[in-house]
Amino acid sequence: MNDCILRALVAMQTLFSKRFDDERGQTLAEYGLIMAVIAVAVIVAAGVAFRDAIAGSFSSATNCINGAGNVGVCR
């Protein structure tokens, strides 16, 4: 009786270990995290590189909104 129960437990353990030890999805998740870090780095670098142009665009838009009643303020 004990031998039969022990064999059943070992079979279940083997089944579960094969099912949960698969690491293929883990590699995909790691690549996804690496791509996310690279994307954030590119966005930050672009923000630093184009800082003056972005600030100028916002300033121009603010001036356009503030002078919306004036003709020829916005281009």
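Helices here are DSSP runs of at least four residues and strands are runs of at least two, numbered from the N terminus.

**Figure 1. Overall fold of the predicted model.** The model shown is predicted, not experimental. The protein chain has 3 helices and 0 strands. Read from the N terminus, the order of elements is α-α-α. Of the 75 residues in the protein chain, 1% are buried.

**Figure 2. Confidence along the protein chain.** The mean pLDDT of the protein chain is 82, and 80% of the residues reach at least 70. Confidence is highest in helix H2 (residues 24–49), with a mean of 90. The lowest confidence is found in H1, where the mean is 77. Where pLDDT is low, predicted coordinates should not be read in detail.

Figure 3. The model contains 1 salt bridge. Asp-3 and Arg-7 are its partners, and their closest N and O atoms lie 3.4 Å apart. This distance meets the criterion because a salt bridge requires a side-chain nitrogen of Lys or Arg within 4 Å of a carboxyl oxygen of Asp or Glu. Both residues belong to helix H1 (residues 2–20), and their spacing of 4 residues is about one turn of the helix. Asp-3 has a relative accessibility of 46%, so Asp-3 is classed as partly exposed. Arg-7 has a relative accessibility of 60% and is therefore classed as exposed.

**Figure 4. Nonpolar surface patch including Met-1 and Phe-16.** Five side chains are shown in this view: Met-1, Ile-5, Leu-9, Met-12 and Phe-16. Together these residues form a nonpolar patch on the surface, with about 560 Å² of accessible area. Met-1 sits in the segment before H1. With a relative accessibility of 79%, Met-1 counts as exposed, the cut-off for that class being over 50%.

Note on methods. Residues are numbered from 1 along each chain as its sequence is written. Side-chain values use heavy atoms; hydrogens and water are left out. Buried means under 20% relative accessible area, exposed over 50%, partly exposed in between (1.4 Å probe, protein chains only). Patches are made of residues with over 30% relative accessible area and no salt bridge: like charges are joined within 9 Å, nonpolar side chains (Val, Leu, Ile, Met, Phe, Trp, Tyr) within 5 Å. Accessible areas come from the Shrake-Rupley method with a 1.4 Å probe; for residues, only the protein chains shown count as cover. pLDDT is the predictor's confidence in each residue, from 0 to 100.
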